[in-house]
Amino acid sequence: MTANLSDRPSDSYSSRRPEGGTAVRHDWTREEIAGVYRQPLNDLLFAAQQIHREFHDPRRVQFCQLLSIKTGGCPEDCAYCPQSAHYSTEVARGGLLSLEEVTAFAERARGEGATRFCMGAAWRQVQEGEDFEQVLEMVRRVAKLGMEVCCSLGMLDEGQAQRLAEAGLTAYNHNLDTSPEFYGQIITTRTYADRLQTLGAVRKAGVTVCCGGIVGMGESDEDRIGLLGQLARMNPHPESVPINALVRVAGTPLEKLKPLDPLDFVRTIATARVIMPRAMVRLSAGRRSMSREAVALCFLAGANSLFIGEKLLTTPNPDPEDDAMLLNSLGLDPLPLP
C-alpha cells in the first residue's frame with residue numbers, strides 16, 4: 001500500500017532541533033500528566049504538534065504489519081482478547097506457522113511499504129524448544145529483508161531475550177495494557193510486576209521496547225493517566241508506544257461495553273506525544289471503529305505510525321486502499337526503508 005506522491009513537493013524537512021528545545025523527562029508526576037491530558041483539546045493538540053515537529057518529520061508515517069504466527073488457545077484470561085482459551089469466540093486454535101509462510105508474508109508486507117514487521121504468538125511465556133528455535137529463525141529471515149523486526153511472545157527471561165537479540169530482533173512488544181490500579185479488572189493470570197520484569201529483560205539484552213496499552217476497556221481518565229505515567233517514568237522511554245482502541249469481540253467479557261469516545265483516544269495519543277517526545281506513537285488496533293476525521297486528528301496529535309494489512313492478529317483492520325486514500329489526502333508519506 002503506497003500513497004500517490006508524484007505531485008508532492010520535495011521533502012524539505014530537517015531533523016534539526018532548535019536550541020533550547022524540549023527536554024526529555026522521566027520524572028513526570030501523575031498531577032503533571034493529568035494537567036497535560038485535561039487541558040482544552042485545542043491547547044493539547046497545539047502542544048503535541050509542536051513537540052512532534054521538534055523530534056520527528058511531521059510528514060512521515062511508518063507502516064508496520066502484524067502477523068499472528070501462532071493463534072488461539074492462550075492460557076491467559078485477558079478480558080479483551082479473543083485468543084484466550086477462557087472464552088468462546090470465533091477464533092480457531094492453530095499451530096505455529098511455517099518459516100516459508102512467515103517469510104512470504106514478510107516479503108509481501110515489505111512490498112506494500114511496511115518497514116517494520118511484527119510477529120505475535122498466543123503464548124503466556126516463551127518456552128525453550130523447537131517452537132522457540134523456529135521463531136529465532138523467523139527473526140533471522142525477516143531481518144535479512146532489511147526490515148525492523150518485532151516479536152510479541154509473552155513473558156521471557158534474560159537468556160531468551162539475549163537469543164532474540166542475537167538473531168536480529170529490533171524490538172519486543174509487551175504492553176502494560178492499562179494502569180496498575182485497573183489492571184486486575186482486566187487480567188488475573190499475569191501480574192503487573194511480571195510485565196515489568198519482561199521489559200527489564202528486553203532492555204538488558206539491548207532490544208528496544210515496544211510498550212503501550214488499550215483505551216476503551218471501561219477504564220477512567222485517571223487510569224489512562226496512570227498508564228501514561230508508568231510509560232513516561234521508564235528510563236529510557238519505550239521507543240515504540242502502541243495505543244490501541246478496544247475492539248469489542250463477541251464472546252469476550254468486554255463485548256458489550258459502550259463505544260469509546262474518539263476524542264478520549266485522541267487525548268491519549270496527544271498526551272503520549274507530549275510526555276514521550278522521541279517515541280514512535282503507533283495507531284494500532286481499533287481504527288475500523290473510527291471515522292477518517294478521528295484518525296486524521298490522531299496524526300495531528302502526534303501519531304507517526306500505523307499498522308497496515310487486513311487484520312491485526314485476529315481483529316479486522318481498515319482496507320489498504322482506504323488507508324492510502326486517507327494518507328494521500330492528508331499529505332502524509334510512508335517512511336522508506338533505510
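Q: Where does T314 lie?
A: In this predicted model, T314 lies in the loop between β10 and β11.

Q: Why is T314 called partly exposed?
A: The relative accessibility of T314 is 26%. Partly exposed covers the range between buried, under 20%, and exposed, over 50%, so T314 counts as partly exposed.

Q: Which residues does T314 touch, not counting residues up to four places away in sequence?
A: T314 touches T71, P82, Q83 and V91. A contact here means heavy atoms within 4.5 Å.

Q: How far is T314 from R190 in sequence and in space?
A: T314 and R190 are 124 residues apart in sequence. From C-alpha to C-alpha they are 22 Å apart in space.

Q: What makes Q83 buried?
A: Q83 has a relative accessible area of 8%. Buried means under 20%, so Q83 is buried. Q83 has its place in the loop between β1 and α3 (99-111).

Q: Which residues is Q83 in contact with, leaving aside its neighbours within four places in sequence?
A: The contacts of Q83 are S68, K70, T71, G72, G73, C74, V91, A122, L313 and T314.

Q: What is the phi of L313, and where is the place of this residue?
A: Phi of L313 is near 60°, which is a positive value in a residue other than glycine. L313 has its place in the loop between β10 (311-312) and β11 (315-316).

Q: How do you know whether L313 is buried, partly exposed or exposed?
A: L313 has 28% relative accessibility. Buried would need a value under 20% and exposed a value over 50%, so L313 counts as partly exposed.

Q: What is the phi of D177?
A: Phi of D177 is near 75°, again a positive value in a residue other than glycine. The place of D177 is in the loop between β4 (171-173) and α6 (180-183).

Q: How is the packing of α9 and α10 described?
A: Helix α9 (residues 262-275) and helix α10 (residues 292-300) pack at an angle of about 15°. Their axes are 9 Å apart.

Q: Why is α9 called roughly parallel to α10?
A: The angle between the two is about 15°. Angles under 35 degrees count as roughly parallel, and therefore α9 is roughly parallel to α10. The crossing of α9 past α10 is right-handed.

Q: Which residues make the contact of α9 with α10?
A: From α9 they are P262, L263, F265, V266 and I269, and from α10 they are A294, L297 and C298. These residues divide into eight nonpolar, no polar and no charged.

Q: What makes α8 roughly parallel to α9?
A: The axes of α8 and α9 cross at roughly 25° and come within 11 Å. The limit for roughly parallel is under 35 degrees, so α8 is roughly parallel to α9. α8 passes α9 in a right-handed crossing.

Q: Which residues meet where α8 packs on α9?
A: D221, R224, L228 and A232 in α8 meet D264, T268, T271, A272 and I275 in α9. The residues of this contact divide into four nonpolar, two polar and three charged.

Q: How do you know on which side of α10 its buried residues are?
A: The buried residues of α10 are A294, V295, C298 and F299. They cover an arc of only 150° around the axis, so they are on the same side of α10. They pack against α2 (41-55), β1 (60-70), α9, β8 (280-283), β9 (305-308) and α11 (320-330).

Q: What follows α10?
A: G302 follows α10, with a positive phi near 115°.

Q: Why are the buried residues of α1 placed on one side or on several?
A: In helix α1 (residues 30-38), the residues I33, A34, V36 and Y37 are buried. Their arc around the axis is only 160°, which puts them on the same side of α1. The buried residues of α1 pack against α2, α8 (221-232) and α9.

Terms used:
Residues numbered from 1 in each chain as written. Predicted model: local features only at pLDDT ≥ 70, side-chain atom pairs only at ≥ 80, totals over all residues. Heavy atoms only, no water. Axes fitted to C-alpha atoms, helices over the stretch in contact; angles between N-to-C directions. Helix = DSSP H or I, 4+ residues; strand = E, 2+ residues; numbered from the N terminus. Parallel < 35°, antiparallel > 145°, perpendicular 65-115°, else oblique. Left-handed = near helix turned anticlockwise from the far one by under 90°. Nonpolar A, V, L, I, M, F, W, Y, C, P; charged D, E, K, R; others polar. Buried < 20%, exposed > 50% of the residue type's maximum accessible area, 1.4 Å probe, protein only. Arc of directions from axis to C-beta.
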